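Let's take a friendly look at how a protein chain folds up.

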Amino acid sequence: MSDPGYLVLAGPTAAGKTAAALAIADALAPRAPAEIVSVDSALVYRGMDIGTAKPSREERTRVPHHLIDIVEPTEHYSAARFVADATRLVAEIRARGALPLLVGGTMLYVKALFDGLDQMPAADPALRAELTRRGQAEGWPALHAELARVDPATAARLAPGDSQRVQRALEVWLQSGRPISAWQTASREPRTRATPAPLISLEPLDRAWLHARIGERFAAMLAAGFVDEVRALRARGDLGPDLPSMRCVGYRQAWAALDAGHLSDLHATGSAATRQLAKRQMTWLRSMPERHVVAADASDALERTVALALELVEAHRLPPEPSAPNEERI
């Protein structure tokens with residue numbers, strides 16, 4: 001049975017994934033170097049640093065990082081593109097004799113990498129632009145009502161103002177004549193991994209601990225100039241609140257606060273949205289029975305995570321042991 005080729009470190013936002021990933025890389029250094037592949041739908045965007053809690057330049061120099069700052073915030077970055085990029089990077093990193101360490105909290109990306117993608121139609125830029133124009137002119141609740149007539153199952157789980165998902169659902173319907181809910185329940189591609197990839201999940205036992213960390217981190221972002229970062233993005237003139245980049249948690253709330261002309265509630269609204277994101281991430285994780293859970297709020301969480309990572313690397317023989325300098329190959 002072949003090994004899966006990589007190790008995954010996941011968890012909700014603010015659970016300590018960055019520090020744990022760097023500690024794992026340090027612990028693996030005597031065996032083989034590690035390279036981190038970001039599994040985060042926000043870190044791909046250039047110019048979005050503070051609000052995404054992007055790893056610092058020092059951290060990215062200390063351990064090589066991939067899939068950070070690879071697209072402009074005007075672009076769409078999909079799960080399909082992530083799977084293609086991550087698959088290529090895993091092969092390249094392994095060819096260098098290093099361990100691919102996939103780290104992040106975009107659980108849709110993890111699931112897509114593990115289980116494959118639905119074969120629904122690809123994005124149609126012209127159709128998407130037309131739906132965006134209609135949404136802005138008619139209001140997204142009107143398009144949500146249109147979706148409810150053709151795909152009630154999808155409309156029932158989407159908020160009327162969820163422009164990104166309403167747009168995608170209508171796009172799929174107009175392209176194929178088939179509801180996106182039908183595509184999502186159809187057979188998936190065969191798995192591309194021969195064995196389950198080892199997945200470490202940092203999950204706090206105390207929800208209040210995570211909520212406190214989220215509030216503290218958002219306050220630190222504000223103190224670091226997050227509002228000025230969003231102001232600079234708005235000043236570009238080519239971005240709007242309906243783009244996926246500007247719908248990222250924190251950016252969406254900051255954009256709305258700047259539109260309203262007051263920032264007094266931004267910490268509260270941004271923290272609340274981040275807590276909701278963490279709740280969704282935890283739901284995704286709990287649907288993955290193969291994961292190895294570490295209590296993120298334990299006093300020795302970092303040590304436990306590193307020890308577990310070393311165990312999994314050994315069990316799955318990740319990466320192949322490097323040859324001794326003078327070893328003869330047969």
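Here is a short briefing on the sheet, the helices packed on it and the nonpolar cores.

This is a predicted model: local features need pLDDT of at least 70, side-chain atom pairs count only at pLDDT 80 or more, and totals for chains, interfaces and linings use all residues. Residues are numbered from 1 along each chain as its sequence is written, and side-chain values use heavy atoms, leaving out hydrogens and water.

**The sheet**
- Six strands make an open, parallel sheet, in the order β3-β2-β4-β1-β5-β6. Strands are DSSP runs of E with at least two residues, and helices are runs of H or I with at least four, numbered from the N terminus; two strands pair if DSSP finds at least two bridges between them.
- β3 (65–66) and β6 (292–294) are at the edges with a single partner strand each, so one side of each has no neighbour in the sheet.
- Five bridges link β2 (residues 34–38) to β4 (residues 99–104), and Val-37 has Leu-102 in β4 as its bridge partner.

**The nonpolar cores**
- A nonpolar core is a set of buried (under 20% relative accessible area, 1.4 Å probe, protein chains only) Ala, Val, Leu, Ile, Met, Phe, Trp, Tyr and Cys residues joined through side-chain atoms within 4.5 Å.
- The largest core has 48 residues, and Tyr-6, Tyr-77, Phe-82, Leu-102 and Tyr-251 touch the most other members.
- Helix α3 gives this core its largest share, seven residues.
- Another core, of 26 residues, lies apart from it and includes Ala-23 and Val-306.

Notes
Buried < 20%, exposed > 50% of the residue type's maximum accessible area, 1.4 Å probe, protein only.
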